[in-house]
Amino acid sequence: MGEGTTVAVIGLGALGLVSLKNLAEEGYVVTGFERNGYVGGLWNYTEEDKTSVLQSTIVNISKERGCFTDFPFERDVSSYPSAAEVQAYLLNYVDHFKLSPNIRLNTCVKQVRRDQVRNKWALDIEGAGPEHFDKVVIAIGMNSIPNIPVVEGIESFGGVCVHSRAFKRPDDFVGKKVLIVGLGNTGADTATSLIGYAEEIFIAHREGTIILPRVVDGKSLDHSVNFRLTKLQDFMNDHFPDFAEKNLNKFVKKIQDKAFTIDPKWNLSPAPSLKQSVPVVSDTLVTAFESGSVQPVSALRKVVQENAVELADGTHLAVDSIIWCTGYKTHFGLVEDEYDPTKRTTAQWAASRGSNGKPLPRLYQNIFSLERPDSLAFMGTVAFPNPAFQIYDLASMALAQVWKGRSSLPSRASMEAAVDAHHEWVCGLARRGSVYPGIVKPQEWMRWVNEAAGTGVDEYLGYGWKGWAFWAREPRFCNLLMTGIYSPHVFRVFDGKKKKWDGARLAIERANEDVKMKKVKLL
Ligand SMILES: Cc1cc2nc3c(=O)[nH]c(=O)nc-3n(C[C@H](O)[C@H](O)[C@H](O)COP(=O)(O)OP(=O)(O)OC[C@H]3O[C@@H](n4cnc5c(N)ncnc54)[C@H](O)[C@@H]3O)c2cc1C
Ligand SMILES: *[C@@H]1O[C@H](CO)[C@@H](O)[C@H](O)[C@H]1NC(C)=O
Ligand SMILES: *[C@@H]1O[C@H](CO)[C@@H](O)[C@H](O)[C@H]1NC(C)=O
């Protein structure tokens, strides 16, 4: 890479911000474009018609595990920050890394096209001329285009019918009989936020689910995952994949059953495997089921009258409002068709019942454009049960190293073959049930990203000579990394291709001390 290579990052939610920072850190001349007048994306609650958290949203991953690799939350923020605290954290991140000069707010990018003459990307900016960049990162968010299923008779429904994107204020539903469609994290949050406002709340679901609390016995549930455990899981997965999958599912179900008494009448079992879905994280949903303030019902089949629906089990239900919590569709319409990775969704995927009408992006490691891997990348299309901030911190570190030429990508043909094989696997999951199009095999993806980003963790915390040497020199710290909280700072402890963070060790020690000292309390 020559000095002065320019990169445009489009969208400055959490993922755009971390990409901006990780590329700037490696010497790129980076400009971030954001159409809103603020950064942070969906974490800033807004009543406007765009995706945002609810005022009542609390994160579903602890701050000790959900932060960026080189920037902890402030010490006095609780383990489960509110949405406003996450938004404040993102603004602090911008200040700390002095990103403001690289940020252009109120700037909407209308189109990204290839300028063959200049051999650059041209960005058409609303109300202004095109601007040219060597490389482009698309971070416009995966949660902007509502995915709404086609339901027979819906045109005759007389009440309010909205997607969760437009659901902002529970008091709009005072005295209503509300049907929520979809039992995922959003469905659970929406349902419980309506308690005390709506007269009746139903939540319709096709599949089962696991429900996990945030906190068990004053201990944050995600703090019980440590590095050693994930390595053990990797080993099992490599050698006994079916056994490992069953075991993990059994283990998580046990945690659920210890925390809650699940009534079989709710039809939550069998839950889909964690290989293809994430659990619902909620501290209040089960209590709401028990008290009847939220009623789980079977899938929505059709609308039969202007104020009644029929469910898959034949029941008729009187409802006057429907809220679709059925997720979003990936939409990269701002990228010229030739480079839009959602334009080549296969018939096999589209026909699988778990695809739910969503497109399946064709990207190498769910990040790199196959047509232009050297200059076009996407953030937001990797999914597995792991904190989003950590995933994309690693993804953008890897991206920076690949684009610098310190890590390499295989040939175009090998990448195409890898994507074909990956999609084959995803389609297999989609035949079993619903699946996030961004789903990856956690172990394989993590191994790749650690290697490409050059974090050193697999070497220094592995069984090779580097691992033994580190353990011999720093037995206590090594032990803390292996068995303490699985902190994202571990990825910045070691020198490697990417920049290490000198504060990583102290931050890890502090996080472990802090949670030992105080029992975790929810707001
Ligand atoms: C309701 C909700 C709750 C969530 N809760 C959690 C949680 O508790 N824990 C967790 O880890 N994850 C959670 N997530 C996952 C969440 O998606 C990620 O944490 C992350 O914040 C997503 O960031 P993003 O940058 O991809 O998207 P966004 O925050 O949507 O940001 C995208 C940005 O791009 C901008 N943009 C779009 N198009 C253009 C354009 N053409 N030109 C310029 N700018 C553009 C948008 O204005 C926006 O600011 C939640 C998601 C939702 C929807
Ligand atoms: C949140 O969005 C509003 C506009 O809806 C904006 O005025 C405000 O500055 C934003 N807040 C933060 C903390 O970014
Ligand atoms: C947290 O909630 C978000 C949005 O609802 C979801 O995408 C994510 O998978 C959830 N995480 C976990 C661990 O359940």
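How many aromatic pairs does a search of the whole structure find? The search turns up 25 aromatic pairs. Bear in mind as you look around that this is a predicted model.

**A stacked pair: Phe68 and Tyr89**
- The ring centres of Phe68 and Tyr89 lie 5.8 Å apart with the planes at 25°, and since planes under 30 degrees apart count as stacked, this pair is stacked.
- Phe68 sits in the loop between helix H2 (63–66) and helix H3 (83–96), while Tyr89 belongs to helix H3, so the pair ties together parts that are 21 residues apart in sequence.
- Phe68 is buried, at a relative accessible area of 1%.
- Tyr89 also counts as buried, with 3% relative accessibility.

**A tilted pair: Tyr463 and Trp468**
- Here the planes of Tyr463 and Trp468 meet at 50° and the ring centres are 6.2 Å apart, so the pair is tilted.
- Tyr463 is exposed, because its relative accessible area of 71% is over 50%.
- Trp468, at 47% relative accessibility, counts as partly exposed.

**A cluster of rings, and charges over rings**
- Phe68 and Tyr89 turn up again in a cluster linked by ring pairs, together with Trp43, Phe71, Phe73, Tyr93, Phe97 and Phe389.
- Phe97, a member of that cluster, has the charged end of Lys21 over its ring, 4.8 Å from the centre.
- Elsewhere, Arg114 lies over the face of Trp121, and the distance to the ring centre is 4.8 Å.

**Around ligand 1**
- Asn36 places a polar side-chain atom 3.3 Å from an oxygen atom of ligand 1.
- Leu42 uses a polar backbone atom, which is 2.9 Å from an oxygen atom of ligand 1.
- Val109 has a backbone N or O atom 2.9 Å from a nitrogen atom of ligand 1.
- Ligand 1 taken alone exposes 990 Å², and the protein buries 84% of that.

Conventions: Residues numbered from 1 in each chain as written. Chains lettered and ligands numbered in written order. Predicted model: local features only at pLDDT ≥ 70, side-chain atom pairs only at ≥ 80, totals over all residues. Heavy atoms only, no water. Polar contact = N/O pair within 3.5 Å; in protein donor to acceptor, adjacent residues only side chain to side chain. Areas by Shrake-Rupley, 256 points an atom, 1.4 Å probe, with all protein chains shown as cover. Phe/Tyr/Trp six-rings, centres within 6.5 Å; stacked < 30°, edge-to-face > 60°. Helix = DSSP H or I, 4+ residues; strand = E, 2+ residues; numbered from the N terminus. Buried < 20%, exposed > 50% of the residue type's maximum accessible area, 1.4 Å probe, protein only. Lys NZ or Arg CZ within 6 Å of the ring centre and 35° of its normal.
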